[in-house]
Amino acid sequence: MDAKLLGFLVFGAVVISTMLVGIYASRKVKTSEDYWVGGRNLGKFITVGTQAATFIGGGMTVGWISMGYQLGYGAFWYGIPQCLGIFVAGYFLVKPFRKTNYTSLPDFFNDIYNHDKRINLVMTIVSIMAPVTWVAGQFSSAGRIMEGIMGIKFETAVLFAGIVVIAYAIFGGFLSVAYTDAYQFTLLVTLFAIVAPFTILSAGGLGTITESAPSWMLNPLHLEGMSTIAIPIWIFMGLTEALGLQTIYQRIYSSDSEHTASFALKFTGWLTVIWGIVTPLMGMAVYILNPNLNPDASFSWFLAEKAPILIAMAFMACVVMATISTADSMLNSVALNIGYDIYQRHINPKASEKKAVRVGQAITLVFGIISIYWAMQGGLIMSFFGYASSVCSGPLVAAVFVTAFAKKKRTADGIVYGVIAGAIVGVICIFAPVLKDILSGGVMFSFATTAIVALLVGTFKQRGQEALADGDQPQTEAQKLSGGSVMRMALGAFAPFNWNGR
């Protein structure tokens with residue numbers, strides 16, 4: 001049989017088998033809780049698979065390789081630190097977030113702030129924005145891979161990926177997403193263990209790469225085309241990247257035990273370290289072989305030109321489907337925010353289980369189409385993830401930290417104004433000359449803005465209430481800021497850790 005034909009058959013087998021897994025899982029959906037959080041009964045294998053696959057998908061794999069192609073060893077600063085947020089979640093957040101049967105991330109804020117509708121709306125919007133950008137990035141990644149190896153037009157490939165994602169995200173909900181994630185992740189890790197060494201050896205091994213690469217590639221403190229200010233920004237971004245994704249929390253809620261949820265996050269964190277070390281080396285290997293490529297298309301070129309057809313097609317199929325499985329996780333998260341946090345909680349609390357699921361399906365379709373359109377515009381894969389961090393993850397994680405650690409200073413007004421201000425600063429940073437070429441360049445500033453505004457508003461409101469309670473008139477702004485009160489506020493902001501809200 002012709003090798004290329006056999007390769008296409010392998011690709012088809014991976015796609016079809018993945019969809020069959022999704023269909024099988026969809027048959028288990030009986031209630032809206034099954035649709036949103038998998039019935040809260042997912043075992044260790046499925047939880048590990050879906051947690052790891054959601055964060056380390058095909059889009060992230062291809063994106064990190066392209067970073068290595070562009071920056072050499074400097075790309076380590078982008079990939080490896082992303083374990084930080086995952087470890088924080090795994091070691092510190094699992095227990096408090098499982099105390100109550102939360103369904104979404106805004107649930108946490110609703111519980112603390114007495115179901116303030118403004119909080120619910122603002123946190124829902126911010127929680128939606130990050131997954132939508134990730135979905136677009138994953139679609140773009142799948143499109144580039146299929147374009148480079150199969151010769152399919154980019155827009156057609158994006159449309160194919162979008163249709164597959166929307167299909168089983170609509171009909172199977174979270175259960176379908178989790179099962180296909182676990183299946184795809186198993187395939188991806190198996191083939192990555194073959195393809196990664198093959199890629200590095202194709203360029204002559206680590207010794208040859210070190211001898212042949214440009215000097216700037218070998219200096220981890222030099223980032224070609226951008227300022228070294230990116231290094232501390234990326235380290236800080238590593239803390240916020242995972243903590244700013246609702247999909248991480250959704251899998252904490254859906255696992256069958258605290259141990260399962262914690263183990264899955266820790267496993268994902270250590271795997272992120274491995275991925276962050278190996279993928280830049282793969283990018284450098286491809287650069288040695290051909291330094292004149294579009295970074296996003298570099299790994300597709302390698303698979304098409306240098307890898308045996310069976311390995312190339314099998315790995316491409318796994319990357320594409322892993323990309324798709326990450327995209328459907330994010331799309332399901334968007335549907336959860338609108339269908340559960342807005343529709344089921346506020347618009348129609350008496351909605352039947354069937355009605356709630358149908359609304360979620362409709363939302364999945366709408367935002368799936370939006371993400372397809374955005375991906376077809378052809379932006380760089382990693383830029384989508386950068387938008388998510390600067391505009392969404394920074395403010396959202398700052399809101400989590402203020403709520404969790406600053407019990408005496410947290411207020412609904414502070415969180416609302418802080419998140420809005422942080423998101424605006426994140427947008428501004430995307431276009432700032434100094435930061436616009438740095439992926440996630442605005443994350444530190446959007447985080448800091450949210451935290452500062454939230455604490456200032458909380459402090460002013462608290463002092464005003466204390467003055468009224470004592471029978472005094474509210475202080476003027478100048479009085480509030482006098483006598484070193486700002487310094488006292490900063491030092492006293494972080495009260496003892498308390499997750500119990502009221």
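**Figure 1. Surroundings of G74 in the predicted model.** G74 is buried in this predicted model, its relative accessible area being 0%. The residue sits in the loop that runs between α4 (58-71) and α5 (76-79). Leaving out residues up to four places away in sequence, G74 touches P220, H222, L223 and W234. One of these contacts, L223, is 149 residues from G74 along the chain, yet the C-alpha atoms of G74 and L223 are separated by 5.7 Å.

Figure 2. M284 is part of helix α14, which spans residues 258-289. The relative accessibility of M284 is 0%, so M284 counts as buried. Apart from neighbours within four places in sequence, M284 is in contact with G68, Y69, G72 and Y73, and also with I209, A213, M217 and L218. The distance between the C-alpha atoms of M284 and L218 is 9.6 Å. These two residues, M284 and L218, are 66 residues apart along the chain.

Figure 3. With a relative accessibility of 1%, S298 counts as buried. A polar atom of the S298 side chain lies 2.7 Å from the backbone oxygen of P295. When residues up to four places away in sequence are not counted, S298 touches S66, Y69, V286 and L293. Y69 is also among the contacts of M284.

Figure 4. T47 is located in helix α3. T47 counts as buried because its relative accessibility is 1%, and the cut-off for buried is under 20%. A polar atom of the T47 side chain lies 3.2 Å from the backbone oxygen of L42. L42 is also in the list of residues in contact with T47, together with R251, S255, T260 and A264, once neighbours within four places in sequence are left aside. Of these, R251 is one of the buried residues of α13.

**Figure 5. Backbone at R40.** R40 is found in the loop between α2 (32-37) and α3 (44-55). The phi of R40 is positive, about 55°, although R40 is not a glycine. Most residues other than glycine have a negative phi. R40 has a relative accessible area of 16% and is buried.

**Figure 6. Helix α13 and its cover.** Helix α13 takes in residues 246-254 and is mostly covered, with 9 of its 9 residues buried. The buried residues are Q246, T247, I248, Y249, Q250, R251, I252, Y253 and S254.

**Figure 7. Packing of helix α6 on helix α12.** Helix α6 (residues 83-98) packs with helix α12 (residues 230-243) at an angle of about 55°, and the axes of the two helices are 6 Å apart. This angle makes α6 oblique to α12. The crossing in which α6 passes α12 is right-handed. On the α6 side, the contact is made by L84, G85, I86, V88, A89 and L93. On the α12 side, I235, G238, L239, A242 and L243 take part. By class, the contact residues are 9 nonpolar and 2 polar, with no charged residue.

**Figure 8. Packing of helix α7 on helix α16.** Helix α7 (residues 105-112) and helix α16 (residues 309-347) have axes 9 Å apart and pack at an angle of about 35°. From α7, the residues in the contact are P106, D107 and N110. From α16, they meet N337, Y340, D341 and R345. The contact of α7 with α16 consists of 2 nonpolar, 2 polar and 3 charged residues.

**Figure 9. The whole protein, for orientation.** The protein has 22 helices and 0 strands. Its chain totals 502 residues, of which 60% count as buried. Of the contacts between residues at least 6 apart in sequence, 86% join residues at least 24 apart.

Terms used: Residues are numbered from 1 along each chain as its sequence is written. This is a predicted model: local features need pLDDT of at least 70, side-chain atom pairs count only at pLDDT 80 or more; totals for chains, interfaces and linings use all residues. Side-chain values use heavy atoms; hydrogens and water are left out. Axes are lines fitted to C-alpha atoms, for helices over the stretch in contact, and angles run from 0 to 180 degrees between N-to-C directions. Helices (H or I, at least four residues) and strands (E, at least two) are DSSP runs, numbered from the N terminus. Angles under 35 degrees count as roughly parallel, over 145 as roughly antiparallel, 65 to 115 as roughly perpendicular and the rest as oblique. A crossing is left-handed if the near helix is turned anticlockwise from the far one by less than a right angle, and right-handed if clockwise. Contact means heavy atoms within 4.5 Å. Ala, Val, Leu, Ile, Met, Phe, Trp, Tyr, Cys and Pro count as nonpolar, Asp, Glu, Lys and Arg as charged, and the others, Gly among them, as polar. Buried means under 20% relative accessible area, exposed over 50%, partly exposed in between (1.4 Å probe, protein chains only). A polar contact is a pair of N or O atoms within 3.5 Å; within protein, one must be able to donate a hydrogen and the other to accept it, and residues adjacent in sequence count only if both atoms are side-chain atoms.
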